[in-house]
Amino acid sequence: YRAALIMALVMSASAIHAQTTVDPAEVLNALLATLREELESTEMFVTIFYAVLDPGRGTLRYANAGHPHAFLVNGDGAAERLAALDTPLGMGGTHPTAVERPWHAGTDLLLLFTDGIPDARNRLDARLGEQVVLDIVRDSRREHPSVVVERIFDALRSHVGDAIRRDDLTLLVARS
């Protein structure tokens, strides 16, 4: 229940701060300033990845505060983890930073997912695994992002079967 309230605050504050700047680090720093007291009092933290794609300039600018499942998959199928540059919000005194990297419109895919996807377990307690997700994206990279998403969820449903799902399943695949 507390985590849901924190997430509602994060979503609301993110929407407000995103309207004031296009710089991902500035958005995350403003978000941290807004949520710092709430995160400290609840002893919670938030992993967050915030990106701005600019296909006109051919750039992806992002800030990553502790989110481990962020990837750029290029047109050749190579997957590059977009490293967590900073600790999760609420876990330390660091201020989020941003990095810019090339973005190839039409071919590059941005892939983000929560840990509920690779950690999904079947009746034998075997995890789906991050590599399965990356392989599906690599094999489907030329398809529309919605097809890639559906293939990942098909694999997840096939793997899990009727086992109880223990976590949220959030996935984003973007191409510009």
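Which elements are included in what covers the buried residues of helix 1? Helix 2 (24–42) and strand 1 (48–54) are among them, and the views below start from there. This is a predicted model, in which local features need pLDDT of at least 70, side-chain atom pairs count only at pLDDT 80 or more, and totals for chains, interfaces and linings use all residues. Residues are numbered from 1 along each chain as its sequence is written, and side-chain values use heavy atoms, with hydrogens and water left out.

**View 1. Helix 1 and its two sides.** Helix 1 spans residues 2–18; helices (H or I, at least four residues) and strands (E, at least two) are DSSP runs numbered from the N terminus. Its 17 residues reach 24 Å from the first C-alpha to the last, close to the 24 Å expected at 1.5 Å a residue, where the expected span is 1.5 Å times one less than the number of residues. Look for Ile-6, Val-10, Ala-13, Ser-14 and His-17, the buried residues of this helix. Seen down the axis, they fall within an arc of 110°, so they line one face of helix 1; the arc is that of the directions from the helix axis to the C-beta atoms. Ala-4, Met-11 and Ile-16 are exposed on the other side. Here buried means under 20% relative accessible area, exposed means over 50%, and partly exposed lies in between (1.4 Å probe, protein chains only).

**View 2. The largest pocket.** This pocket has a volume of about 890 Å³. Of the 28 residues that line it, the closest to its centre are Met-7, Thr-47, Ile-48, His-67 and Thr-114. Helix 1, strand 1, strand 6 (109–113) and strand 7 (171–174) each give two or more residues to the lining, and the largest share, seven residues, comes from helix 1. On a 1 Å grid over the protein atoms alone, a pocket is an open set of points with protein on both sides within 12 Å along at least five of seven lines, a cavity is a set where a 1.4 Å probe fits but cannot get out, and lining residues have an atom within 4 Å of a point. Grid points are joined across faces, edges and corners, and a volume is the space filled by probe spheres set on the points.

**View 3. The one cavity.** The structure holds one cavity of 30 Å³ or more, and the largest cavity has a volume of about 30 Å³. Among the residues lining the largest cavity are Leu-32, Asp-86, Thr-87 and His-95.

**View 4. Helix 3 and its neighbours.** In helix 3 (residues 130–140), Glu-130, Val-133, Leu-134, Ile-136, Val-137 and Ser-140 are buried. They cover an arc of only 160° around the axis, which puts them on the same side of helix 3. The buried residues of helix 3 pack against strand 3 (70–73), strand 4 (79–81), strand 6 and helix 4 (145–160), with contact meaning heavy atoms within 4.5 Å.

**View 5. Two loop residues with positive phi.** Most residues other than glycine have a negative phi. Glu-43, in the loop between helix 2 and strand 1, has a positive phi of about 55° although it is not a glycine. At 74% relative accessibility, Glu-43 counts as exposed. Asp-125 sits in the loop between strand 6 and helix 3 and has a positive phi of about 70°. At 40% relative accessibility, Asp-125 counts as partly exposed.
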